[in-house]
Amino acid sequence: MSDRLLFLGPPGAGKGTQAQLLAAERGLLHLSTGELLRAEVQAGSELGTEAQAVMARGELVSDALVLAIVKARLLSHDGGWLLDGFPRNLAQAGALRELLDELKQPIEHVVLLQLDDGILLQRLLSRGRDDDNEAVIRNRLEVYREQTAPLIAFYRQLGLIREVEAEGAVEAVASRVSAVVSQPL
Ligand code: AP5
């Protein structure tokens, strides 16, 4: 049973939905940088104020800020975890690797959720979060392609990528995810 997982995929692919289900099933810490940042915005903290405008444009918040959040959470947690929405670029992936080497907690599986742009767009438009209008969604997709998609090659080289077709009902996708993360390492 693996308990150090990372979810990767474009906005709207279902990372948050699937991560939450799997984390509950396996008793893992679900660490979503998007959720943590939105909580800071809601609380009106200095960090949230700094992140708010960047998130509203669909750009990435600074690596230093996000890394500080992730590091604090992982250092204060004893047990398995699931990272959702982090890392988001090669610099974050490099920093995460250093941290996990230090902690002697290597990633076991990187779940890559794949979905057509048309379906992503539909899902996000019907959700209607602050950053879910068409112009911002298109920007988030572009940021994903330019900055986050290179992580696929990075993790593929490490033999960690597990591709999952993210089309279909939530439960159907969840059983595909469960199957790939149950594979022997
Ligand atoms: P983040 O919160 O990570 O957003 P995202 O990557 O754009 O992902 P989404 O939440 O939109 O999609 P998801 O794949 O999680 O899908 P979900 O399950 O929600 O980041 C937001 C912002 O924060 C970023 O733009 C950036 O500014 C900042 N940020 C975050 N992390 C950062 C980092 N590491 N570095 C720098 N900046 C960072 O599902 C989407 C919708 O589809 C939901 O309504 C859901 O109910 C529905 N749905 C899910 N699965 C299905 C299904 N099978 N069938 C039908 N509907 C479904």
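The lining of the largest pocket draws at least two residues from each of β1 (4–8), α1, β2 (29–32), α2, α6, α7 (134–148) and α9 (170–181). The model is a predicted one. The space taken by the ligand is this largest pocket.

**The largest pocket**

- The largest pocket holds about 930 Å³ of space.
- It is lined by 44 residues, and those closest to its centre are Pro-11, Lys-15, Arg-88, Arg-129 and Arg-140.
- Sorted by class, its lining consists of 17 nonpolar, 16 polar and eleven charged residues.

**The shell around the ligand**

- There are 30 residues around the ligand, and Lys-15, Thr-17, Thr-33, Glu-59 and Arg-140 come nearest.
- In the shell, twelve residues are nonpolar, nine are polar and nine are charged.
- α2 gives the largest share of this shell, with four residues.

- A polar backbone atom of Gly-14 lies 3.0 Å from an oxygen atom of the ligand.
- The side chain of Arg-123 has an N or O atom 3.2 Å from a nitrogen atom of the ligand.
- On its own the ligand has 1000 Å² of accessible area, of which the protein covers 86%.
- Two or more residues of the shell around the ligand come from each of α1 (15–26), α2 (33–43) and α6 (117–127).

**The second largest pocket**

- The volume of the second largest pocket is about 260 Å³.
- Its lining is made up of Arg-38, Val-41, Gln-42, Gln-52, Met-55, Ala-56, Arg-129, Asp-130 and Asp-131.
- α2 and α3 (46–57) are the elements that supply two or more of these lining residues.
- By class, three of the lining residues are nonpolar, two are polar and four are charged.

Technical notes: Residues numbered from 1 in each chain as written. Predicted model: local features only at pLDDT ≥ 70, side-chain atom pairs only at ≥ 80, totals over all residues. Heavy atoms only, no water. Near = heavy atom within 4 Å. Polar contact = N/O pair within 3.5 Å; in protein donor to acceptor, adjacent residues only side chain to side chain. Areas by Shrake-Rupley, 256 points an atom, 1.4 Å probe, with all protein chains shown as cover. 1 Å grid on protein atoms, 1.4 Å probe; cavity = no way out; pocket = protein on both sides within 12 Å on 5 of 7 lines; lining within 4 Å. Sits in = over half its atoms within 2 Å of the grid points. Nonpolar A, V, L, I, M, F, W, Y, C, P; charged D, E, K, R; others polar. Points joined across faces, edges and corners; volume = space filled by probe spheres on them.
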